[in-house]
Amino acid sequence: MIKKIVQDALNTQMLREMYSSNLYLAMAAYYHSKNLNGFANWMRVQAQEEMDHALKFFDYVLERGGNVKIGQVDSVPETWDSPLAAFEAALRHEESVTQWINELADLVMKERDHATAILLQWFITEQVEEEATTGEIVERIKLAGESSSGLFMLDNELKARVFVPSAK
Ligand code: FEO
């Protein structure tokens with residue numbers, strides 16, 4: 001049986017993953033409105049990945065005999081100043097998620113919950129990848145600068161991303 005303090009922290013993180021999913025879906029709509037359909041696709045896939053992360057916490061809490069609590073998900077912004085500003089906001093958000101996952105890892109270490117520590121290892125590795133990928137795209141948008149052909153080339157590349165559910 002999972003300790004209540006760990007269960008509550010996992011439920012909170014599950015909600016943050018749902019918020020992330022909504023945030024990236026809003027960014028997908030923003031990019032769509034700018035005719036950047038590759039960026040929109042990338043964000044839509046990212047939104048699916050975030051819901052996949054939320055479900056990982058959902059499944060885990062149930063598996064450990066805990067109670068899942070679906071709380072209120074905060075509303076997300078609707079627009080950004082530029083295609084670069086939206087991706088920079090995504091990167092800042094991922095940096096916050098990394099911080100929250102690290103705090104969770106500290107908590108389960110303190111509570112000597114080794115099973116949850118294994119679950120969190122997956123998220124720690126995932127965050128390294130998410131920050132790297134998002135940061136790389138931010139840098140590439142900066143490189144494209146004012147060149148609309150550079151931005152459209154990147155947009156074309158981002159069309160290829162597809163959602164792959166994580167292994168359970
Ligand atoms: Fe689930 Fe992008 O953190």
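These exercises walk through one predicted protein model, with a worked solution after each task.

Residues are numbered from 1 along each chain as its sequence is written. In this predicted model, local features need pLDDT of at least 70, side-chain atom pairs count only at pLDDT 80 or more, totals for chains, interfaces and linings use all residues, and side-chain values use heavy atoms, with hydrogens and water left out.

**Exercise 1. The overall fold**

Task: State how many helices and strands the protein chain has, and in what order its elements run.

Solution. Start with the definition: helices (H or I, at least four residues) and strands (E, at least two) are DSSP runs, numbered from the N terminus. The protein chain has five helices and zero strands. Read from the N terminus, its elements go α-α-α-α-α.

**Exercise 2. Size of the chain**

Task: Compare the radius of gyration of the protein chain with the value for a compact globule.

Solution. The radius of gyration is taken over C-alpha atoms, and the globule rule is 2.2 Å times the number of residues to the power 0.38. For 168 residues, the rule gives a value near 15 Å. The protein chain has 17 Å, which agrees. Next, look at the box: along the principal axes, the C-alpha atoms fill roughly 55 × 25 × 25 Å.

Now turn to burial. Buried means under 20% relative accessible area, exposed over 50%, and partly exposed in between (1.4 Å probe, protein chains only). Of the 168 residues, 45% are buried.

Finish with contacts, meaning heavy atoms within 4.5 Å. Take those between residues at least 6 apart in sequence: 83% of them join residues at least 24 apart.

**Exercise 3. Helix spans**

Task: Check the end-to-end spans of α1 and α4 against expectation.

Solution. The expected span is 1.5 Å times one less than the number of residues. Helix α1 covers residues 4-33, which is 30 residues, so it should span 44 Å. Its end C-alpha atoms are 44 Å apart, in agreement. Helix α4 has 31 residues, and 45 Å is expected. From its first C-alpha to its last, α4 reaches 46 Å, close to that value.

**Exercise 4. How α1 meets α3**

Task: Decide how α1 and α3 are oriented: roughly parallel or roughly antiparallel?

Solution. Axes are lines fitted to C-alpha atoms, for helices over the stretch in contact, and angles run from 0 to 180 degrees between N-to-C directions. Helix α3 spans residues 83-110, and α1 packs against it at about 170°, with the axes 11 Å apart. Angles under 35 degrees count as roughly parallel, over 145 as roughly antiparallel, 65 to 115 as roughly perpendicular and the rest as oblique. So α1 is roughly antiparallel to α3. By class, their contact has 21 nonpolar, three polar and three charged residues. Here Ala, Val, Leu, Ile, Met, Phe, Trp, Tyr, Cys and Pro count as nonpolar, Asp, Glu, Lys and Arg as charged, and the others, Gly among them, as polar.

**Exercise 5. Positive phi in the loops**

Task: Find where Asn35 and Arg112 lie, and give their phi values.

Solution. Begin with the background: most residues other than glycine have a negative phi. Asn35 is not a glycine, yet its phi is positive, about 60°. Asn35 sits in the loop between α1 and α2 (37-63). At 56% relative accessibility, Asn35 is exposed. Arg112 is not a glycine either, and its phi is about 55°. Arg112 lies in the loop between α3 and α4 (114-144). Its relative accessible area is 65%, so Arg112 is exposed. Just after α4, Gly145 also takes a positive phi, about 55°.

**Exercise 6. Two residues and their contacts**

Solution. Asp113 is in the loop between α3 and α4. At 8% relative accessibility, Asp113 is buried. Leu25 is in helix α1. At 44% relative accessibility, Leu25 is partly exposed.
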